[in-house]
Number of protein chains: 4
Amino acid sequence: MQPAIGFIGMGIMGMPMAANLLKAGFTLKVYNRTAAKAQPLIEAGATLAASPRELAQEVDLLILMVTGPEAVQDVLWGREGAFRELGPGKTLINMSTVSPRFSRELNSVLSGAGTTFIDAPVSGSKKAAEEKALIILASGPQEAVAQVTPVLATLGKKVVYCGEAGQGSMMKMSINLLLGLMMAGLAEAVAFGRAGGLSPEAILEVVHAGPLSCGLFQLKTEMLLSGEFPPQFPLKHMTKDAKFIIDTAFETGAGAPLGHLLLHLYRRGLSHGLGEEDFAAIYRVLEAPPG
Amino acid sequence: MQPAIGFIGMGIMGMPMAANLLKAGFTLKVYNRTAAKAQPLIEAGATLAASPRELAQEVDLLILMVTGPEAVQDVLWGREGAFRELGPGKTLINMSTVSPRFSRELNSVLSGAGTTFIDAPVSGSKKAAEEKALIILASGPQEAVAQVTPVLATLGKKVVYCGEAGQGSMMKMSINLLLGLMMAGLAEAVAFGRAGGLSPEAILEVVHAGPLSCGLFQLKTEMLLSGEFPPQFPLKHMTKDAKFIIDTAFETGAGAPLGHLLLHLYRRGLSHGLGEEDFAAIYRVLEAPPG
Amino acid sequence: MQPAIGFIGMGIMGMPMAANLLKAGFTLKVYNRTAAKAQPLIEAGATLAASPRELAQEVDLLILMVTGPEAVQDVLWGREGAFRELGPGKTLINMSTVSPRFSRELNSVLSGAGTTFIDAPVSGSKKAAEEKALIILASGPQEAVAQVTPVLATLGKKVVYCGEAGQGSMMKMSINLLLGLMMAGLAEAVAFGRAGGLSPEAILEVVHAGPLSCGLFQLKTEMLLSGEFPPQFPLKHMTKDAKFIIDTAFETGAGAPLGHLLLHLYRRGLSHGLGEEDFAAIYRVLEAPPG
Amino acid sequence: MQPAIGFIGMGIMGMPMAANLLKAGFTLKVYNRTAAKAQPLIEAGATLAASPRELAQEVDLLILMVTGPEAVQDVLWGREGAFRELGPGKTLINMSTVSPRFSRELNSVLSGAGTTFIDAPVSGSKKAAEEKALIILASGPQEAVAQVTPVLATLGKKVVYCGEAGQGSMMKMSINLLLGLMMAGLAEAVAFGRAGGLSPEAILEVVHAGPLSCGLFQLKTEMLLSGEFPPQFPLKHMTKDAKFIIDTAFETGAGAPLGHLLLHLYRRGLSHGLGEEDFAAIYRVLEAPPG
């Protein structure tokens, strides 16, 4: 029989991921700040813990998929936090997006207390989570990662080993930098062409016909054409990631000139009230203003 | 019998394009400043004209694929230029990359003199030209474009009608803006990750596994991994295009913040002596300097 | 008796400059596209020419202070233009702002036809023109510049020799680059502090108390505090200059990263309808949007 | 008799500031991590404390002028730190440069424990510190600031009240943003002109003759002309401040596009090994590379 897995975080990403663990036959115990959100999982067979602490008592493998570093800290050290129940024999996999630095610090505290820590953020958004098409960016002690790979493999189509703890988050930052720049690039190119009298439809037709065509652009075409940006990955979260990227570049010495500008553009997007829209809404910032 | 086609410009792009016209069965008369470069085509059945003027006398359909606006002007108005032999009944298709403004001005002068002018730059580089995988961005009078579409279709996999003369060049600028931003984005993401301790191989593996994967990145992966950038599309030409893009944005009012930065980065690349390398060599500018 | 001077251009700058020539005792013949604007000068003793051509016939020294390269071309080669009356024995001083390249080309054509050409734009705006506080950035053959220095000295407080024709315009670009960056810097610093809860008054008090204090900031303080930007030097003209700067950097290989961004910000300013405001109105672009 | 003042931090700035307090007749007790550095002050009449804690026991007014937030934390909470000896009746003035956020958090902890906290960074560098020409950017409870103003006035030429604790640091960020942009603007303008064939001497002559002339540019002219950048304010510290500025903009929502680029340029400067040079050495980054 497979060991029980604890899972914390029932958001856009966590929900389908937890559901996929259940479908794969794992015994699942969950916790979520807003317990009601866990209801569909309970109905599908998961059991609900009253607190992170209770969850950490009951399982040896705990997965976090929460909204960022503050939420991770809260789960571990907040009221009825999980930290005091961790220790030797327990493994914590953080799949939430945090900065590499935060992840290294987390590793230092947790492994110092005997817990096995794995930093394993994911590349891919809601749709990929549902379709088990995520790419898992796993880092930490190599044998420990190998041991949990069967679990991680349940959540996506590929598990890539990135190095010691923190390097998964570094990979996530690299990929999200590219993701942000490609999306902003498409938005700027469409806005540029439109200001010059071309139809967005024609531009996207040419893009899709050649070597610039990719899954991302297909996913966002409808948004650019309709001017509606229902959030798959909200701009406010992408902005947070862009700040992690620039903070990280500040530490590593990476140049990242385009990344600096991207952060600035995202921040303008937030000022324009686009934080809750999909990050493709950066198009609205790049559009030539009327007149 | 199909009418003879005149073709001027035996460069990286022009050469395989002219060869494809020959292979498609068209009678081809060519001219090139350096006549020797035309030799392979002559051997394949083309005939050589002594000047643009002579070529324009002999054919009704003239195609230009030269290095830019100066070369176009030289072909038309230089010594023994083609202009004086053009006029009613003649069609000029310019496939060279020029700014939309230049193309509109060219159209004004040529159509004013009775010549049918078609602005039809291409998206795609050397390999696409050889494999007839170009996308032809055609613009001009709709019936005239329709009439030459059988010829254009011989050169690529798709002919997209973009509007009145100049709009093909506008589309080309839009696509090249995206092309430049995607390539620079990949270069910056790889440089960023590498400064953070990741291997370029691992980063590219993750990129290729997900929705950011595209033909362009596959084409450039080997360059990024080897650090060698043999020119498929030289940085100096891409820089010229980036300047056209910013000049165009200046006229249309498009914002193009990323485009401005891209031009700046390309210019740093030229200062670093990378002009003759492939434009993927922008990676060298984005790499964190040692120490 | 001092020789008569011809002066073309009765705009914000040309008007007080021409008036200062009159006050200094020079015989002045003027031309302006809108003749009515010359009325105050006529009343003060100047005579009016019917065309640039007529003016060039009557004087040996012709000064242009018009709105830019197009206006210079129009004065010289437009209907009844001055060019055909220029030649050996005649001197043309262009004080209008143009790019170094344009100025070099102008020099090539004019000196090729025997005319002495002096490129002498000015640093300073309306108030400096009125108070003879301009700095004259003179370039051209050294003896020719020496010869007209008594005339130029009448218009400002300093004549700086910058080198061969075109270098005066190069100096003007350098100074305007700094001017634009300082103004934008002040605007951004005030907007930044204000977003953080400081009063603009307090920020400007600190600026004026220390080593960042300068005449420019004193001149613009009232604008930043009142939010009204009556044009001393309109943003649309400054934007044109910023474009010359970037075009020039493109030719010389100068990096100019801040200049690229400045041009982008100015262009956003034009999009926001600020073209007719003083260039200090870039503040409105840099202000944090409400909410 | 005036009360004794405790002063921690004997660096480039702290040293002349402490000396000025002594000269003004204050009884001074000092602490420095490297005790030897305090020797000149001891000889001038100051007494040396063995630790921050000892110093805080002995005085009611403690001034910090250390290298940044980490050093402030170390002084307060490190081994033999001052914190446990603070409390009601004691006043701490932090004059070190920190972010507004750090200052507000410090205020929260200190005032929560009954200590009066004043955030009072300075505008001006080494020379201004020596000549008592600093501008003191004081913030905190208005009466408390009023009470220490006689002490602060001893250190500079002006004390500006900026609001509640943290706002002095906000003002410092605003001023340093302008400082950095002006210096980078001058450097870029000189580099631009030089790439166009002008001599730096001529450019600076024109700058100094007009409304852009200011104390800062006079201070840095010799550096730009000689190419030597002896540190008055090292680039590495300015880079740290630029990061605080962008972090602050991220929190307040200020746009700061030029500030983002400035941070990027500074970081390139560090990569070029310029961290220990004066921040005017950004000129080396902006110079057109040879060839």
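I began with helix 9 (residues 200–209) and helix 10 (residues 215–226) of chain B, whose axes come within 11 Å and cross at roughly 175 degrees; helices here are DSSP runs of H or I with at least four residues, and strands are runs of E with at least two, numbered from the N terminus. The axes are lines fitted to C-alpha atoms over the stretch in contact, with angles from 0 to 180 degrees between N-to-C directions. That crossing makes helix 9 of chain B roughly antiparallel to helix 10 of chain B, the word used for angles over 145 degrees.

This is a predicted model, in which local features need pLDDT of at least 70 and side-chain atom pairs count only at 80 or more, while totals for chains, interfaces and linings use all residues. Residues are numbered from 1 along each chain as its sequence is written, and chains are lettered from A and ligands numbered from 1 in the order written.

I then listed the contact (C-beta atoms, placed from the backbone, within 7 Å): helix 9 of chain B contributes B:Pro200, B:Glu201, B:Leu204, B:Val207 and B:His208, and helix 10 of chain B contributes B:Phe217, B:Thr221, B:Leu224 and B:Leu225. I sorted these residues into 6 nonpolar, 2 polar and 1 charged, where Ala, Val, Leu, Ile, Met, Phe, Trp, Tyr, Cys and Pro are nonpolar, Asp, Glu, Lys and Arg are charged, and the others, Gly among them, are polar.

Next I looked up chains C and D, where the contact takes 59 residues from each chain. Helix 8 of chain C gives the most to the side touching chain D, with 19 residues, and that side has 39 nonpolar, 17 polar and 3 charged residues.

Key: Parallel < 35°, antiparallel > 145°, perpendicular 65-115°, else oblique. Contact = placed C-beta atoms within 7 Å.
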